[in-house]
Structure formats: C-alpha cells, structure tokens
Amino acid sequence: EFRRVLFRSSPVPGSVAQIIGSFAVVGSLVFVGLELRGNTRAVQAAALQSAIGIARDQILMIAKDAEMTRITAVGDSDITKLLPDERLRYAWQDRSFWFGMQTLYRQWQLGVLPEEEWGVYRRVICLNIATQGQRTLWPQTRELLIPAFVKVVEACESFRSAPTSGIISTP
C-alpha cells in the first residue's frame, strides 16, 4: 500500500514516462524523415527512367521505320512536300513529341527531374521548334498544351528566328 501511494504522489515516474515518450516521438520523426528521403530518391529515379523512355520511344518511332524517317526528314524541311497521309503521320508524330516534352517539363516543375536533365530536353525542344515542319504545325499544337509549357517553347531563341530546313537531312 505504501509503495502505491509513494509512486502515485511522486513526480518521478511521470517525468520518466514523459522523457521516454519524447524519445519515442523523436525516433519516429527521424524514421519518417529517412523514409521520405528514400521515397524522394525513388520518385526521382522513376522520373529519370520515364524521361529516358519518352526520349527513346520518340527516337525509335522514327529510327525503326524507314518510311517514318523519310516522312520526318521531308516534313521537317517542307511539310507541303508530303502526301496527305504522310502529313497526317508527321502531325501525329509531332503531337506525340510535344506531349512527351510537356510531360518532362511537368516532372521538372514538380522537382523530380533534375535541372541538368531538363536543360538537355529544353535544348531538344528548341532544336525541334526551329524546323519548318514543326513551326507549321505549332499553331494547332500549342492549343493542346498547358500555357506554361507553351511559354517555354516560345521562349526558345530558335522560335523567334527563321525556321530551319530540318534536323534530319534527306539523303
């Protein structure tokens, strides 16, 4: 009986419990912080993998198909030299490119695509908007994209200068 009264009235056991509880909370916060850091790295790795996949898919779409390579080369320099069905293929490939680049832009905005990677893709964007074919389709394409990304494209020095004859030269 005496022990029970002593511990109930003594401030020591309560203080010890509070100290132990405080250590538990701090330990939990450290654990959560470490988990968040690991999760952030996983998200960034997934974003980089996605960026590589988008670029690879765009390149392979053209490289795997000799006809698409020709359509892209001709379309980049003068879209009017393409037949109607070829112009349509060129336009769909163009739209696919811009949606892919917009996805990379959004990943960069969200902080999951590193600045260095985004810099590479920004240069690719500026190279592409410089071509005659891409520039011809831009008025329709820009309406399908988010305004912030449109500003990025239109801020390219190559957008403000005369279009070039193309990225891929015809044989």
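Predicted model: local features only at pLDDT ≥ 70, side-chain atom pairs only at ≥ 80, totals over all residues.
1. Helix α7 covers residues 147-154, and its buried residues are Phe149, Val150, Val152 and Val153. Viewed down the helix axis, these buried residues fall within an arc of 155 degrees, so they line one face of α7. Pro147 and Lys151 are exposed and sit on the face turned away from that buried side.

2. The contact brings Trp118, Ile125 and Ile129 of α5 against Phe149, Val152 and Val153 of α7. Its residues comprise six nonpolar, no polar and no charged.

3. The structure has eight aromatic pairs. In one of them, the ring centres of Trp98 and Trp138 are 5.1 Å apart and the planes stand at 65 degrees, so the pair is edge-to-face. Trp98 belongs to α4 and Trp138 to α6, so the pair ties together parts 40 residues apart in sequence. Both Trp98 and Trp138 are buried.

4. Tyr105 and Phe149 form a tilted pair, at 5.7 Å centre to centre and with 50 degrees between the planes. Because Tyr105 lies in α4 and Phe149 in α7, this pair ties together parts 44 residues apart in sequence. Tyr105 and Phe149 are both buried.

5. Both pairs fall within one aromatic cluster, formed by Phe97, Trp98, Tyr105, Trp108, Trp118, Trp138, Phe149 and Phe159.

Definitions and conventions
Residues numbered from 1 in each chain as written. Heavy atoms only, no water. Buried < 20%, exposed > 50% of the residue type's maximum accessible area, 1.4 Å probe, protein only. Helix = DSSP H or I, 4+ residues; strand = E, 2+ residues; numbered from the N terminus. Arc of directions from axis to C-beta. Contact = heavy atoms within 4.5 Å. Nonpolar A, V, L, I, M, F, W, Y, C, P; charged D, E, K, R; others polar. Phe/Tyr/Trp six-rings, centres within 6.5 Å; stacked < 30°, edge-to-face > 60°.
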